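Hi,

Here is the structure I promised to pass on to you. Have a look at it first, and then read on for what turned up.

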Amino acid sequence: MASKAELVVEVKSPADKLWAALRDSTELFPKIFPEQYKSIETVEGDGKSAGTVRLLKYTEGVPMLTFAKEKVEVADDENKVVSYSVVDGELVEFYKNFKVTLKVVPAKEGDAGAVVNWAMEFDKASEQVPDPDVIKETAAKTFHDLDDYLLKN
């Protein structure tokens, strides 16, 4: 049975700027999060559209993961929505299905900033597998750290 975890993160950066940074994560994330990513490379597709496959290589500081291959399922720049499934790496040993969807929306009218709606859907390979809470916590930290970076640059 599929489980779901959701997260809502408010940031100070404008929605368009945050979205552009997220869409440029292949280049940007290894630079601004060297403690997390050794590299991110596009192995299939153009790096942005649905069907793209990316290979993420993690540093020794990331627990239990050395790499993940993710396939972009949805890439909707107009509505600022991206969705991807993990298709290879340690996560597929723990979860039969693992999909993340995120949507960036401007903050309510009159407020600067944006809101990131992040959702993770997963099917555990067995009952012994823990919920991927650490991934949710890492996502929240990443959005806040990215916001700090964007506000300074």
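The loop between E3 and strand E4 (67-76) is where you will find Met64. In this predicted model, Met64 has a positive phi of about 70°, although it is not a glycine. Met64 counts as exposed, because its relative accessibility is 61% and the cut-off for exposed is over 50%.

Lys80 is another residue to look at here. Its phi is also positive, at about 55°, and Lys80 is not a glycine either. Lys80 sits in the loop between E4 and strand E5 (81-89). Is Lys80 buried or exposed? With a relative accessibility of 14%, Lys80 counts as buried, since buried means under 20%.

Now to the helices. Two packed helices are described by the angle between their axes and the distance between the axes, and I have done that for two pairs.

The crossing of H1 and H4 is right-handed. On the H1 side, the contact is made by Lys17, Leu18, Ala21 and Leu22, and on the H4 side by Phe143, Leu146 and Leu150. By type, the residues in this contact of H1 with H4 are 6 nonpolar and 1 charged, with no polar ones.

Phe143 deserves a visit of its own. This residue lies in helix H4 and is buried, with a relative accessible area of 4%. Which residues does Phe143 contact, once its neighbours within four places in sequence are left aside? They are Val9, Val11, Leu22, Leu102, Val116 and Trp118. Take Leu22 as one of these partners: Phe143 and Leu22 are 121 residues apart in sequence, yet their C-alpha atoms are 9.2 Å apart in space.

The second pair is helix H2 (residues 25-32) and H4, which pack at an angle of about 90° with their axes 12 Å apart. H2 is therefore roughly perpendicular to H4. Leu28, Phe29 and Ile32 of H2 make the contact with Thr142, Leu146 and Tyr149 of H4. Sorted by type, the residues of the contact of H2 with H4 are 5 nonpolar and 1 polar, with no charged ones. If you click on Leu146, note that this residue is listed in the contact of H4 with H1 and in the contact of H4 with H2.

How many of the 8 residues of H2 are buried? The count is 6, so H2 is largely enclosed by the rest of the structure. The buried residues of H2 are Ser25, Thr26, Leu28, Phe29, Pro30 and Ile32. Their cover includes H1, strand E2 (37-44), strand E3 (53-58) and H4.

Last, the charged side chains. The structure holds 8 salt bridges, and here are some of them:

- Asp145 pairs with Lys141, and their closest N and O atoms are 2.6 Å apart. Both Asp145 and Lys141 lie in helix H4, 4 residues apart, which is about one turn of the helix. An α-helix has 3.6 residues a turn, so residues three or four places apart point the same way. Asp145 counts as partly exposed at 24% relative accessibility, and Lys141 is partly exposed too, with a relative accessible area of 48%.
- Asp131 and Lys124 join their side chains in a salt bridge of 2.9 Å, N to O. Asp131 is partly exposed at 39% relative accessibility, and Lys124 is partly exposed with a relative accessible area of 24%.
- Glu6 and Lys4 form a salt bridge through their side chains, at 3.7 Å from N to O. Glu6 counts as exposed at 51% relative accessibility, and Lys4 is exposed with a relative accessible area of 52%.

Happy browsing, and best wishes

Methods. Residues are numbered from 1 along each chain as its sequence is written. This is a predicted model: local features need pLDDT of at least 70, side-chain atom pairs count only at pLDDT 80 or more; totals for chains, interfaces and linings use all residues. Side-chain values use heavy atoms; hydrogens and water are left out. A crossing is left-handed if the near helix is turned anticlockwise from the far one by less than a right angle, and right-handed if clockwise. Helices (H or I, at least four residues) and strands (E, at least two) are DSSP runs, numbered from the N terminus. Contact means heavy atoms within 4.5 Å. Ala, Val, Leu, Ile, Met, Phe, Trp, Tyr, Cys and Pro count as nonpolar, Asp, Glu, Lys and Arg as charged, and the others, Gly among them, as polar. A salt bridge is a side-chain nitrogen of Lys or Arg within 4 Å of a carboxyl oxygen of Asp or Glu. Buried means under 20% relative accessible area, exposed over 50%, partly exposed in between (1.4 Å probe, protein chains only). Axes are lines fitted to C-alpha atoms, for helices over the stretch in contact, and angles run from 0 to 180 degrees between N-to-C directions. Angles under 35 degrees count as roughly parallel, over 145 as roughly antiparallel, 65 to 115 as roughly perpendicular and the rest as oblique.
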